[in-house]
Amino acid sequence: MITFKKVNKVWPNGKSALKDINLKINDGEFVAIVGLSGAGKTTLLKTINKMVSISSGEVIVEFDNQKFEINSLKGKKLRNYRKYIGLMSQEYNNIESQTTIKNVLNARVSKLNFFRTLFGIFSDSDRITALNNLNKINLLESAYTRVENLSGGQQQRVALARTLTQEPKLIIADEPVSALDPILANQVMQDFKKINKEDKITIIINIHHIDLALKHADRIIGLKDGLIVFDGSTKNIKNKDLKIIYGNSYENL
Ligand SMILES: Nc1ncnc2c1ncn2[C@@H]1O[C@H](COP(=O)(O)OP(=O)(O)OP(=O)(O)O)[C@@H](O)[C@H]1O
């Protein structure tokens with residue numbers, strides 16, 4: 001579970017990006033954070049792995065009977081905590097000259113000893129995990145293809161398989177489909193949904209494509225100017241809520 005208690009973020013230039021955020025995200029939820037550019041979506045997401053430090057309040061993440069008070073995490077404790085958090089973004093962060101399987105296995109590098117890291121020797125169980133994750137998102141036949149020969153959608157799915165191979169407790173994804181055409185974006189969202197439902201991994205995703213958020217996520221959090229202006233089930237969101245999140249521009253979306 002992730003809990004935000006009265007969280008504020010004020011940037012050094014005085015810009016208030018998060019204002020008194022109170023939020024609970026339960027294990028296994030698929031949450032889409034939506035809002036206009038500059039609403040605070042990225043800032044909110046990045047407080048979860050402390051890529052952004054909050055100015056006041058508390059962010060608490062709990063799993064497997066462990067409780068992490070994010071703002072007090074530093075050094076080795078922060079690095080260990082981050083191993084549980086899968087981070088994805090618009091960039092696929094693949095090594096394009098390497099094969100798909102090698103890119104996916106790169107998620108296990110931090111678990112190898114020095115000798116194995118030096119020679120890139122992965123265990124059979126690591127390889128099986130990587131291949132299983134590629135199979136899960138229908139990329140098994142591309143396991144030995146160089147990533148530079150894959151489409152953007154496939155490359156983002158390689159990134160997803162790599163993130164899964166990290167065995168995260170939750171995945172935070174900042175605009176993971178914004179560089180993709182609508183068909184590929186929909187396919188990648190389907191993969192996120194599959195992983196959320198089958199592997200029961202909590203997924204929190206920032207997304208500009210409201211249609212995809214409504215189609216795939218269970219819960220929508222609408223931000224506007226650093227404030228939560230909507231928080232509820234995707235099924236219950238109404239046009240009037242979308243107008244509050246997006247203003248009159250929603251009419252033209
Ligand atoms: N490093 C920073 N220094 C100062 N202000 C920042 C910084 N990062 C973000 N901001 C400001 O904080 C506010 C929220 O930005 P944020 O990137 O979280 O919005 P967003 O909803 O993710 O926008 P987008 O959809 O364009 O990515 C904006 O006004 C932005 O200009």
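I call a residue buried if 20 or more other C-beta atoms lie within 10 Å of its own, exposed if 12 or fewer, and partly exposed in between, with C-beta atoms placed from the backbone. The model is predicted: I take local features only at pLDDT of at least 70 and side-chain atom pairs only at pLDDT 80 or more, while totals for chains, interfaces and linings use all residues. Residues are numbered from 1 along each chain as its sequence is written.

**Val 229**

I looked up Val 229 first. With 15 C-beta neighbours inside 10 Å, Val 229 counts as partly exposed. I found Val 229 in strand S10; strands (E, at least two residues) and helices (H or I, at least four) are DSSP runs, numbered from the N terminus. I then listed its contacts (C-beta atoms, placed from the backbone, within 7 Å). Leaving out residues up to four places away in sequence, Val 229 touches Gly 222, Leu 223, Lys 224, Ile 244 and Ile 245. Asp 241 is twelve residues from Val 229 in sequence, and their C-alpha atoms are 8.1 Å apart.

**The sheet**

I traced an open sheet of six strands, ordered S6-S7-S8-S3-S9-S10, with mixed pairing. Two strands pair if DSSP finds at least two bridges between them. S6 (85-89) and S10 (227-233) are the edges, each pairing on one side only. Neighbouring strands are turned by 15° against each other on average, direction ignored. S6 and S7 (170-174) pair in the parallel sense over five bridges. Ser 89 stands opposite Asp 174 in S7. Helix H9 (239-246) lies across S3 (30-34), S9 (219-224) and S10, at about 155° to S10.

**Helix H6**

Next I checked H6 (152-165). Its 14 residues reach 20 Å from first C-alpha to last, close to the 20 Å expected at 1.5 Å a residue; the expected span is 1.5 Å times one less than the number of residues. Twelve of the 14 residues are buried, so H6 is largely enclosed by the rest of the structure. Among the buried ones I noted Arg 157, Leu 160 and Leu 164. The buried residues pack against S6, S7, H3 (100-105), H5 (124-136) and H7 (182-199). Glu 167 follows H6 with a positive phi, near 55°.

**The ligand**

Last, I turned to the shell around the ligand. Helix H1 (41-47) gives the largest share, three residues. Among the surrounding residues are Trp 11, Asn 13, Lys 15 and Lys 41.

Key:
A residue is near a molecule or strand if its C-beta atom, placed from the backbone, lies within 6 Å of it. Axes are lines fitted to C-alpha atoms, for helices over the stretch in contact, and angles run from 0 to 180 degrees between N-to-C directions. Two residues are in contact if their C-beta atoms, placed from the backbone, lie within 7 Å.
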